Amino acid sequence: MTNCSTSNNNHCGTDESQQSVFQPRVDIVEVDGDLLLVADIPGADESHTEVSLEKNILTIKGTIPAIDEDGLTLVHREFRAGKFEREFTITREIDRNGIEASVKDGVLRVHLPKDPDAGQKKITVTTA
Amino acid sequence: MFQLPRSFDPFRELDVLANEFGQMLVNSQSQASPFRRHQSTGPAMNVWKDDDGIVVKADLPGLNAESLDVAVEGQVLTVGGSYEDDLVEDENSKIHRRERATGKFARTIQLPYDVDAGTANATYANGVLTVKLSRPEEHKPKKITVQAV
């Protein structure tokens with residue numbers, strides 16, 4: 001069943017050689033000004049996952065490791081191994097040093113604390 | 001057949017809509033549509049088999065392990081349970097995007113052949129549930145030797 005049907009992972013691969021990249025499902029919640037991003041990456045753990053923030057683009061990417069059972073015949077497939085990637089534009093000030101990411105039970109959690117100095121840029125006025 | 005009731009919140013769709021049109025503080029650059037809801041048909045599953053047994057794997061990230069219920073009867077496998085739902089909207093928090101499955105789920109699938117419920121084995125790691133089922137010995141195909149007469 002390698003057709004491009006609706007699966008729970010939003011991806012649309014045709015065959016293995018095409019190396020399809022799927023986009024994991026994500027929840028985004030704001031708690032007291034901090035952002036928490038939660039992504040479903042079943043099958044992957046922290047060694048398979050990469051989170052990076054460049055300027056204001058947050059990228060989560062990685063690989064779900066191969067899931068095949070050796071010696072057995074696959075008779076029904078709805079999910080597959082392979083790469084995942086998704087980008088987000090963060091439109092607020094983040095404390096970049098405080099970003100934390102962890103993976104548990106196939107769920108990636110990225111905590112983006114708000115920048116405590118945001119909006120409070122004091123500019124000292126000096127005499128010329 | 002064993003089925004868990006699915007929770008349905010008619011107001012959740014409206015909340016998602018309001019959040020999307022309201023303050024979108026975080027935008028996604030991907031092509032995933034914010035309105036494509038997860039089909040509540042239960043977890044995605046893969047099935048492998050050979051003559052001795054069947055392996056079923058289900059994508060269940062964020063599963064509440066205590067809620068998991070795996071039942072086998074003849075040629076039917078039922079997986080039910082609920083997800084860890086730790087994202088709650090209250091006065092301190094606000095949900096901007098909700099795509100992941102939440103609440104209870106239940107799914108029943110047909111297996112290629114009858115299996116022995118007594119020897120079923122289920123494990124959960126990294127968000128993937130693996131159920132190993134073996135075929136009753138008397139059902140396994142037997143080679144019949146053709147003798148020359």
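User: Which residue in S2(B) is the bridge partner of His76(A)?

Analyst: The general idea first: strands (E, at least two residues) and helices (H or I, at least four) are DSSP runs, numbered from the N terminus, and two strands pair if DSSP finds at least two bridges between them. In this predicted model, His76(A) has Val47(B) of S2(B) as its bridge partner. S6(A) and strand S2 (residues 45-49) of chain B run antiparallel and are joined by three bridges.

A word on conventions: this is a predicted model, where local features need pLDDT of at least 70 and side-chain atom pairs count only at pLDDT 80 or more, while totals for chains, interfaces and linings use all residues. Residues are numbered from 1 along each chain as its sequence is written, chains are lettered from A in the order in which they are written, and side-chain values use heavy atoms, leaving out hydrogens and water.

User: What is the strand order in the open sheet?

Analyst: Read across the five strands and you get S6(A)-S2(B)-S3(B)-S9(B)-S8(B), with antiparallel pairing. At the edges sit strand S6 (73-76) of chain A and strand S8 (116-125) of chain B, each pairing on one side only. Neighbouring strands are turned by 25° against each other on average, direction ignored; the angles are between N-to-C directions, from 0 to 180 degrees, with axes fitted to C-alpha atoms.

User: How many bridges join S8(B) to S9(B)?

Analyst: Six, and the two strands run antiparallel. One of the pairs is Asn121(B) with Lys132(B) of S9(B). Their hairpin has two residues between the strands, and Asn126(B) takes a positive phi near 55° there.

User: How many salt bridges cross the interface?

Analyst: For a salt bridge, look for a side-chain nitrogen of Lys or Arg within 4 Å of a carboxyl oxygen of Asp or Glu. The rule finds four between chain B and chain A. Among them, Arg107(B) meets Glu78(A) at 2.8 Å, N to O.
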